[in-house]
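Trainee: I would like to learn how to read a structure like this one. Could we begin with the way helices pack, and then turn to the sheets?

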Amino acid sequence: MKKTLSDKNILLAVTGGIAAYKAAELVRAFKKRGANVKVVMTAAAEGFIPAKTLAILSKEDVLTDESQAATAEVAHVQLARWADALVVAPATANTLAKMANGIADNVLLETILASAAPVKVMAPAMNDQMWANPATARNVNTLISDGFSLVEPDTGFLAEGYEAKGRLAELNTIVSQVEEELNERSAEDEILSHLKGQKVVITAGGTREPIDPVRFLTNRSSGKMGYALAEAARLAGADVTLVASVKRDCNAGIKVRIAESAEAMLSAVQEAMVDADVFISAAAVSDYRLKEPFTDKVKKQGDDDGLTLDLVQNPDILKTVGMAKKPGQIVVGFAAETKDLLENATAKLQKKNADMIVGNDVTKAGAGFDKDTNVVTMVRDGLAPIEAGPASKLAIAKEILKQVADIQEQR
Ligand SMILES: Cc1cc2nc3c(=O)[nH]c(=O)nc-3n(C[C@H](O)[C@H](O)[C@H](O)COP(=O)(O)O)c2cc1C
């Protein structure tokens with residue numbers, strides 16, 4: 001057996017489904033490939049397989065509610081930090097629901113909530129009706145947007161005595177997926193490490209162009225893609241400045257500058273670009289603003305009278321930064337399109353003097369405004385378009401940054 005998981009730390013979280021007995025084989029499969037395996041399990045899982053079996057096979061103590069209660073150590077946090085990959089298998093409908101809601105009322109859930117493992121895989125197993133229930137589907141989708149990957153249950157003979165979808169996936173499929181993701185992650189870390197210490201400037205959100213003191217013109221952009229890019233760049237070790245029109249929760253290591261209008265955003269970006277290495281324009285900048293915003297709140301006119309707003313063009317932030325690009329600086333723009341994505345993105349590449357345009361067909365399922373996932377086509381000069389997604393916006397952000405690192409490498 002090839003030691004494809006040599007020195008990798010795998011935390012197996014076992015929950016209380018009938019397939020829990022297969023956890024013993026799963027531990028063996030990971031060990032055979034050279035991994036270090038530790039197990040955490042729920043009380044319900046202990047009803048299906050003794051902790052002792054998993055302790056003997058993994059050659060490690062198994063963390064249970066009972067063992068946690070008897071130790072002076074904060075074992076769940078230590079275990080959460082130790083893992084390169086967290087594998088929840090089998091994952092019950094109950095535990096998936098709790099995970100999706102951040103509930104931590106047993107040691108397995110505490111460990112999962114405390115885990116920042118770069119690879120997180122869930123392999124559900126349950127009765128077919130439980131799997132088909134919309135609540136389960138909703139929870140699984142939430143977990144996917146939170147960065148978990150799914151090993152879908154198989155269709156086969158269930159414990160209930162009939163053939164349906166819900167059986168735990170083949171153990172080989174689970175092991176291969178973990179292996180693949182860990183390998184991808186190492187390759188990704190290697191590429192993204194190029195961004196360490198670099199100054200990256202990112203814009204996010206739909207700009208807000210004032211009409212009067214209480215109203216503004218804006219668009220449907222939520223800022224989620226820009227914030228995800230900032231987080232991905234931070235994780236890669238970059239020094240990140242995020243110029244955003246909207247405030248969202250983000251890591252304190254990201255320098256957030258709030259700039260609501262296109263003009264305010266441009267000046268904040270220009271200031272940050274003085275010593276920057278990379279600019280990524282993910283904000284949806286309004287093309288127009290009011291020529292003169294009203295100083296007082298606009299009141300309704302006569303009964304049938306309309307109101308005409310006089311608009312002027314906003315500065316083009318991407319083009320301004322692209323044209324002023326210093327040697328070595330990388331400029332990336334977004335193109336949110338509803339048709340002719342490739343043509344428009346390619347044209348934008350030239351027009352804005354950008355190094356890459358990330359085309360975003362906002363009409364596609366899993367893509368676009370205010371979603372937690374995205375589907376993109378990355379267009380670079382002289383290369384075939386690169387597709388990514390559907391995937392979480394953080395995963396898409398990493399794909400974009402990999403291309404940025406590649407552009408730098410090619411120079
Ligand atoms: C015999 C038996 C088999 C079960 N099998 C499953 C199963 O395969 N999948 C599942 O989601 N729940 C199954 N359940 C229900 C779970 O055991 C129950 O929801 C429990 O609260 C799960 O706890 P845990 O998620 O903390 O491990 C089963 C229950 C029993 C009694």
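Mentor: Two packed helices are described by the angle between their axes and the distance between the axes. In this predicted model, helix H11 (residues 224-235) and helix H15 pack with their axes 8 Å apart, at an angle of about 60°. That angle makes H11 oblique to H15.

Trainee: In which hand does H11 pass H15?

Mentor: The crossing of H11 with H15 is right-handed.

Trainee: Which residues of H11 and H15 meet?

Mentor: From H11 come Lys-224, Met-225, Ala-228, Leu-229, Glu-231, Ala-232, Ala-233 and Leu-235. They meet Lys-393, Leu-394, Ile-396, Ala-397, Lys-398, Ile-400 and Leu-401 of H15. Sorted by class, this contact of H11 with H15 has eleven nonpolar residues, four charged ones and no polar ones.

Trainee: What does the packing of helix H10 and H15 look like, in distance and angle?

Mentor: The axes of H10 (residues 171-192) and H15 (residues 393-410) come within 9 Å and cross at roughly 50°. H10 is therefore oblique to H15. H10 passes H15 in a left-handed crossing, whereas H11 passes H15 in a right-handed one.

Trainee: Which residues make the contact of H10 with H15?

Mentor: In H10 they are Arg-185, Glu-188, Ile-191 and Leu-192, and in H15 they are Lys-398, Glu-399, Leu-401, Lys-402 and Ala-405. By class, the contact of H10 with H15 has four nonpolar and five charged residues, and no polar ones.

Trainee: Now the sheets. How do strands pair, in general?

Mentor: Strands of a sheet pair through backbone hydrogen bonds, either parallel or antiparallel. For a parallel case, take the open sheet of five strands in the order E2-E1-E3-E4-E5. Its edge strands are E2 (36-41) and E5 (149-150), each of which pairs on one side only. Strand E1 (residues 9-14) pairs with E2 in the parallel sense over six bridges. Within that pairing, Leu-11 has Lys-38 in E2 as its bridge partner.

Trainee: Which strands of this sheet does H10 touch?

Mentor: H10 packs on the sheet and touches E1, E3 (85-91), E4 (119-124) and E5. The direction of H10 makes about 165° with that of E4.

Trainee: What is the order of strands in the sheet with mixed pairing?

Mentor: That open sheet has eight strands, in the order E12-E11-E8-E13-E16-E17-E18-E19, and its pairing is mixed. The edges are E12 (255-258) and E19 (386-392), each pairing on one side only. Direction ignored, neighbouring strands of this sheet are turned by 20° against each other on average. Helix H12 (residues 262-273) lies across E8 (199-204), E11 (239-244) and E13 (278-281), running at about 170° to E8.

Trainee: How many bridges join E18 to E19?

Mentor: Five bridges join E18 (residues 373-380) to E19, and the two strands run antiparallel. Across this pair, Thr-377 stands opposite Glu-387, and Asn-374 stands opposite Ala-391. The hairpin of E18 and E19 has five residues between the strands, and Gly-382 there takes a positive phi near 75°.

Trainee: Which residue has a positive phi although it is not a glycine?

Mentor: Asp-7, with a phi of about 65°. Asp-7 lies in the segment before E1.

Trainee: Where are cis peptide bonds found?

Mentor: One joins Ala-89 and Pro-90, with omega about -10°. Pro-90 is found in strand E3. Another joins Gly-389 and Pro-390, with omega about 5°.

Trainee: Last, what does the UniProt record say about residues 8-180?

Mentor: The unreviewed UniProt entry annotates residues 8-180 as "domain: Flavoprotein". In the model, that span is 45% helix and 21% strand, and its end C-alpha atoms lie 12 Å apart.

Notes
Residues numbered from 1 in each chain as written. Predicted model: local features only at pLDDT ≥ 70, side-chain atom pairs only at ≥ 80, totals over all residues. Heavy atoms only, no water. UniProt positions renumbered as here; feature names shortened; annotations may be inferred. Helix = DSSP H or I, 4+ residues; strand = E, 2+ residues; numbered from the N terminus. Pairing = 2+ DSSP bridges. Axes fitted to C-alpha atoms, helices over the stretch in contact; angles between N-to-C directions. Contact = heavy atoms within 4.5 Å. Parallel < 35°, antiparallel > 145°, perpendicular 65-115°, else oblique. Left-handed = near helix turned anticlockwise from the far one by under 90°. Nonpolar A, V, L, I, M, F, W, Y, C, P; charged D, E, K, R; others polar.
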